[in-house]
Amino acid sequence: MEASTIHHSLDLLIRLIDTTTGDMVDERNVRFWMDDNPVRPIPRGNGNYVFLNRGRKDTTLKIAVYGYETCSLAIRYQKLDSGMPVKEAFLIPSENAAGQPVITLSGNLPGLESIQAVSLGSADCCISGFDERKRIMKLFKTHRTGMDHIYYGLIHMNRQDYEPFEVIKELSENSVKISRPLAEPFTVNSPVARIVFGMVDQQGNYVLRVRDDRTHLIYLVRYEVRGTAEFRTVDMHRAEEELQ
């Protein structure tokens, strides 16, 4: 009798991340829908869920996690790694969730496509140089122990804007490789901070939420309106004014 072999195809890995802290979300009360149909991925612990043998068809994935706002992700396989298709779900804590209090910036802006921000008061490190050919960013350490996340902003304090970038590999304690060359000129010692992602719907309603964990919560908000990036410095303790 011949032995049979069962092959499994990894079609998608979802990573649940608390966007306000950058930490993985290990809450077990999680539900998923693909194109409005309930689905059950396999939990792998520490906020990781895998979809096996479902095929790699573009879809919309809705995720509901206890203590967080429900989010929708557009899964587009041409934008994912073919060997390991990973999609991060950056979850926004609910205002009434137990735990550390949060502060919300919300409103409506027609034509708004995305919103994100970096803290101006808690840089992870500062840039000391950049090798454009190798895409290697050299860093001055501040209080960081490592660039454990993926999405960061290089802040240009003189212009009050920042350039988003993705870390693909930490090479040493003081250098990382990023996904593409920097497009903007920078000044040595400019701060680097982790990006906090907000949420926007098709009507231009937006929510950006941060942890209320410091006396001074000054954030540089980046928002795209009809393909054009705009920036605004916001004191989140006085976040009543809407974007415009």
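Is C71 buried or exposed in this predicted model? At 7% relative accessibility, C71 is buried, a label given to residues under 20% relative accessible area, with exposed meaning over 50% and partly exposed in between (1.4 Å probe, protein chains only). Before the views, a word on how to read them: residues are numbered from 1 along each chain as its sequence is written. Because the model is predicted, local features need pLDDT of at least 70 and side-chain atom pairs count only at pLDDT 80 or more, while totals for chains, interfaces and linings use all residues, and side-chain values use heavy atoms, leaving out hydrogens and water.

View 1. Searching the whole structure turns up 0 disulfides, a disulfide being a pair of cysteine sulfur atoms within 2.5 Å. C126 is in no disulfide, and its nearest cysteine sulfur, that of C125, lies 6.8 Å away. Like other residues under the cut-off, C126 counts as buried, at 11% relative accessibility.

**View 2. The open sheet β3-β2-β6-β7.** Here 4 strands line up in that order with antiparallel pairing. Strands are DSSP runs (E, at least two residues), numbered from the N terminus, and two of them pair if DSSP finds at least two bridges between them. β3 and β7 (71-75) are the edge strands with a single partner each, so one side of each has no neighbour in the sheet. From one strand to the next, the twist averages 30 degrees, using axes that are lines fitted to C-alpha atoms and angles that run from 0 to 180 degrees between N-to-C directions. Look for the 3 bridges of the antiparallel pair β2 and β3, and for W33 standing opposite P38 in β3.

**View 3. D36 in its loop.** The loop between β2 (30-34) and β3 (37-39) holds D36. D36 counts as exposed because its relative accessibility is 67%. Its C-alpha atom is 25 Å from that of L208, a residue 172 places apart from D36 along the chain.

**View 4. I63 and the largest nonpolar core.** A nonpolar core is a set of buried Ala, Val, Leu, Ile, Met, Phe, Trp, Tyr and Cys residues joined through side-chain atoms within 4.5 Å. The largest one has 21 residues, and I14, L16, F32 and I63 have the most contacts inside it. At least two residues of this core come from each of β1 (10-18), β2, β5 (48-52), β6 (59-65), β7 and β8 (86-91). Leaving aside residues up to four places away in sequence, I63 touches residues including I14, L16, F32, C71 and A89; contact means heavy atoms within 4.5 Å. A second, separate core of 19 residues includes L109, L112, L217 and V225.

**View 5. Strand β18 and its partners.** In strand β18 (residues 205-211), 5 of the 7 residues are buried, so the rest of the structure largely encloses it. Strand β9 (residues 102-108) runs antiparallel to β18, joined by 7 bridges, and V102 has R211 as its bridge partner. Strand β17 (residues 199-200) is also antiparallel to β18, with 2 bridges, and M199 is partnered by V207. The β17 and β18 hairpin has 4 residues between its strands, and G204 in the turn has a positive phi of about 90 degrees.

**View 6. The β19 and β20 hairpin.** Strands β19 (residues 218-225) and β20 (residues 228-235) pair in the antiparallel sense over 8 bridges. Y219 finds its bridge partner, V234, in β20. With 2 residues between the strands, this hairpin has R226 at a positive phi near 50 degrees.
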